[in-house]
Amino acid sequence: MKISYLNSSIFLGLTVLSGSVLAADTAPYNYENSAGTAIFKSALDQVKLTSPDGSTKLADASSSDPDLSFDGYVTDDFRVPSGQNYMQITHEGASSSRMEFRHLTDFNRSDTNTMEGTIKINSTSDGLYEVTVLQVHNSDSDNIGAPLMRIAQIVEDGTKFYEAKLRLSACDKDTCDAEYDTYRWLDSSGEPTVATNQHRSFYVQVKDSVVTMKMDDIRGTLMCQSGGEYSADHCDDDDQEHTNSSGDHVIDSDWPEDGFFFKTGAYIQDVGTTVVRYKSLYFDVEG
């Protein structure tokens with residue numbers, strides 16, 4: 001009887017432990033922190049989530065279709081993992097594919113519009129050298145093509161760092177070779193070796209035709225290429241034409257006044273898999 005009782009106790013203990021380990025993930029829209037605050041609800045009320053090829057809305061704050069609602073929407077690729085405090089996106093796909101949030105409101109480049117997030121690119125598969133997590137796009141993408149701004153994690157010679165690309169001209173993508181300003185966040189020795197294995201606080205604001213980009217409250221440094229190498233020392237006065245005295249990017253006059261919008265998520269340049277985690281996501285868009 002004692003042995004039977006002991007075995008039953010062990011079985012019950014393992015059952016309880018197994019149940020706690022296998023507890024269900026939470027829909028990000030419904031997740032509440034320890035203070036009872038649904039910390040992702042406000043952001044998700046303003047966006048749609050698109051499928052890897054961009055053709056399908058997985059969830060959409062503007063839809064009246066309950067099957068597209070963020071409320072209760074949780075999958076292996078979009079969830080708050082059991083026992084964790086972050087929203088996680090997992091994307092596996094071909095090159096130039098994505099799983100992203102698109103803010104539903106377009107804005108004017110002269111107004112004040114902001115996107116902030118505490119974000120970590122948790123993992124990338126071998127051979128995946130660039131993952132874009134934050135963008136400022138324009139709705140005339142059929143003609144312009146590339147976004148105005150994108151911030152990506154780059155893998156170069158085994159080193160991971162964050163880089164911002166700002167497109168200079170909004171010239172037609174079929175008739176011109178687009179040029180870019182490159183900004184990188186540097187370490188104390190001036191090298192682009194920012195530790196990426198932690199959540200970083202990103203801040204992007206478009207105001208008065210200027211794009212401000214900060215990571216952990218620090219602006220990136222304008223870098224210019226010479227002989228295949230990027231360095232701030234390679235930048236001359238002409239290269240700094242679109243960078244003001246604060247280190248922010250001045251939008252070229254040939255970009256439209258209206259039609260800008262924010263995107264964030266996982267956009268991969270190469271075939272592979274990436275996991276992106278958010279501890280916070282915030283939008284302030286005038287529209």
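Let's start with Lys-263, which is found in strand β17. Strands here, like helices, are DSSP runs numbered from the N terminus, with E for strands (at least two residues) and H or I for helices (at least four). Lys-263 is buried, with a relative accessible area of 12%; buried means under 20%, exposed over 50%, and partly exposed in between, using a 1.4 Å probe and protein chains only. Its side chain makes a polar contact with the side chain of Glu-100 at 2.9 Å. A polar contact is a pair of N or O atoms within 3.5 Å; within protein, one must be able to donate a hydrogen and the other to accept it, and residues adjacent in sequence count only if both atoms are side-chain atoms.

A word on the model before going on. This is a predicted model, where local features need pLDDT of at least 70 and side-chain atom pairs count only at pLDDT 80 or more, while totals for chains, interfaces and linings use all residues. Residues are numbered from 1 along each chain as its sequence is written, and side-chain values use heavy atoms, with hydrogens and water left out.

**The sheet**

β17 belongs to an open sheet of 10 strands, in the order β2-β1-β5-β17-β7-β8-β9-β10-β14-β15, with antiparallel pairing. Which strands stand at the edges? They are β2 (57-60) and β15 (229-231), each with a single partner strand, so one side of each is left without a neighbour in the sheet. From one strand to the next, the twist averages 25°; axes are lines fitted to C-alpha atoms (for helices over the stretch in contact), and angles run from 0 to 180 degrees between N-to-C directions. Two strands count as paired if DSSP finds at least two bridges between them.

At the β15 end, 3 bridges join β14 (residues 221-226) to β15, running antiparallel. Gln-225 stands opposite Tyr-230 in β15. The two strands form a hairpin with 2 residues between them, and Gly-227 in the turn has a positive phi of about 60°. β14 also pairs with β10 (residues 180-184), again in the antiparallel sense and over 3 bridges; there, Thr-182 has Met-223 of β14 as its bridge partner. Thr-221, also found in β14, is partly exposed at 29% relative accessible area. Its C-alpha atom is separated by 6.2 Å from that of Trp-185, 36 residues apart along the chain.

**The pockets**

Both pockets come from a 1 Å grid over the protein atoms alone: a pocket is an open set of points with protein on both sides within 12 Å along at least five of seven lines, a cavity is a set where a 1.4 Å probe fits but cannot get out, and lining residues have an atom within 4 Å of a point. Grid points are joined across faces, edges and corners, and a volume is the space filled by probe spheres set on the points. For the lining classes, Ala, Val, Leu, Ile, Met, Phe, Trp, Tyr, Cys and Pro count as nonpolar, Asp, Glu, Lys and Arg as charged, and the others, Gly among them, as polar.

| Pocket | Volume | Lining | Classes |
|---|---|---|---|
| Largest | about 360 Å³ | 16 residues | 6 nonpolar, 5 polar, 5 charged |

Nearest the centre of the largest pocket lie Glu-156, Arg-184, Glu-191, Pro-192 and Tyr-230. β9 (159-167) and β15 each supply at least two lining residues, and the largest share, 3 residues, comes from β15.

The elements giving two or more residues to its lining are β1 (47-50), β5 (97-103) and β17 (260-268). β5 gives the most, with 3 residues.

Most residues other than glycine have a negative phi. Ser-96 has a positive one, near 60°; its place is in the loop between β4 (87-93) and β5, and it is partly exposed, with a relative accessible area of 37%. Asp-157 also has a positive phi, about 55°, although it is not a glycine. Is Asp-157 buried or exposed? At 79% relative accessibility, Asp-157 counts as exposed, and its place is in the loop between β8 (149-156) and β9.
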